[in-house]
Amino acid sequence: MSAIFVVARMTFVQAIRRRIVLTGLLLGLCFLAIFTIGFHMINTGSMTSLAAVGSKGIQHILDTEKSSGLFLAGLYAVTFLAIAMAALLGADTLAGEINSGTIQVIVTKPIRRSDVVFGKWLGFSGLLGLYLLLLAGGTTLSILAQSGYVAPHLFAGLALIYLESLLILSISMLCSSRFSALATGGVVFGLYGLGFIGGWIEQIGAVLQSQTAVQVGILTSLIIPSESLWRRAAYEMQSPLSGLLGISPFGATSVPSLLMVAYAVVYLLVILVLTVRVFQKRDL
Amino acid sequence: MPSVLAIETTQLRKVFGDNAAVKSLTLQIQQGEVFGFLGPNGAGKTTSIKMLVGLITPTSGRASLLGAPLGDRSTRARIGFLPEHFRFQDWLTAREFLTLHGQLYGMERRRLTVRIDELLERVGLTSFRKRPLSTFSKGMLQRIGLAQALLNQPALVFLDEPTSGLDPVGRILVRDIIRELRAQGTCVFLNSHLLSEIEVTCDRVAFISHGEVVRLLELASLNNGRITAVLRVGNITPEIASGLSTWAEDVLLGGDHLTLTVKNEVALPEINRYLVEHRVAVYEISPKRISLEELFIETVGTEGGL
């Protein structure tokens, strides 16, 4: 059995046994329940008032816009939950095991240190994939069941959100291979916050047509491309109308290019290689 | 004797910042040997072991295990390691824990299953095999850790303080296991504070201080070495006492106590016979071997242990 697979499975079992999966599942179900109730109330509550206003055609457009807006708001929250999960999983794994000494009996086996890094990364990627599938899938189904709305380019959008969570996981593991779990958490959330602020500066700059603000935003995305992945995902999944209007709090006004997505993929790979390098050189 | 050394190090050195944890370690350990590594706290024992098993990169110097340079992956399949301060994956049961580590060794499944049963039995944990490690006592963890280090039937085992946390029964178990390993031709590198333990299990010991080997000792030679004996006697004259120089050195008479040093304990009955023939009343002869502890203090001094 390949060592990477052994480590990946160990990582998976660890997450289940240490109740990380259970906690995530319960919180995820809570989120879905609240989202479903909220959507139901908005959906039925506004239906009558709007029905009085216009024709069926306008009504349909308004319904779609409402569902689309709520769907993106829901996915925005899902993305944040997935990122928090990725940051926490990554922060504890190497730093925690180096600190406790557990790592000593693992890396002295006839395996490569890179097997440990890749195995853990794969295990966590699997977990994050399942977590996203539950939350984003639940959100999609909840809206589909209540209003029949399905966002365009759903899978492309979800793939981009997944990529964002993997990016955060990788950065978290890189820091974790060198710093303590606490310091890692600080660095990762700090970086994420930077990306978040940069994203908003770019958005507002685009609305106000300030080229400098947009460039600041792009520069931040180069430092940490997480937020631009979300904005690309939101762009893919937004309704055609809000795309035309270009105004949505959770959508994307200044759309990150596909080049930025490719940059994020390369960024992730470089981070993984660096993690292996740092972990290989570290005295344990 | 096999031609390939189990461990060979040449001026192995590790510096952390300004502090040389290991100054210059030069060792040659034969396969099948049980080798004790002694020194006060902070002498660089654990750092040395960590360099050998590949956890720490040496600053300079060379070393090889079983003929292969440090870090060779296929060689690690023939090495076992029980670290000093360990915490294992405590969300696993004893059996799952050993299975995981056997898989990391790349062991084939059927061989692993048999081996795990054998080892659980050997360390006395068979009835606890389905219990999670989080419920284990320190002694039980030490036992499962030892089983982990022996899974792959290694040619070379590093045991860093294997008896810390063990009760007397556990210590005897470890001692017996080390003897079995020696009988199987496994080289054991034992790092222990318990000198009496080293004394009964090891073939050779190295005293290390400030990251250097200050003395290498064959324990067999320690036991066959010089013996100081104290005799309680009556009716002895200085003339009779001086006649003892045929067998003994440093003969010292003080009251009814006679202290002398012999090269071999065979001399003691000869001395007894001589004294009786000269009508000296012999009440007591107490041979005192120079213990490892005395040698330790003599070699390393008392300033250690910080």
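**Exercises on chain B**

Of the contacts in chain B between residues at least 6 apart in sequence, 68% join residues at least 24 apart; two residues are in contact if their C-beta atoms, placed from the backbone, lie within 7 Å. The model is predicted: local features need pLDDT of at least 70, side-chain atom pairs count only at pLDDT 80 or more, and totals for chains, interfaces and linings use all residues. Residues are numbered from 1 along each chain as its sequence is written, and chains are lettered from A and ligands numbered from 1 in the order in which they are written.

**Exercise 1.** State how many helices and strands chain B has, and what its C-alpha trace spans.

*Solution.* Step 1: chain B has 11 helices and 14 strands. These are DSSP runs, helices (H or I) of at least four residues and strands (E) of at least two, numbered from the N terminus. Step 2: along its principal axes, the C-alpha trace spans about 75 × 50 × 40 Å.

**Exercise 2.** Describe the side of chain B that touches chain A.

*Solution.* Step 1: 24 residues from chain B meet 21 residues from chain A. Step 2: helix H2 (73–76) and helix H3 (94–104) of chain B are the elements giving two or more residues to this side. Step 3: H3(B) gives the largest share, 4 residues.
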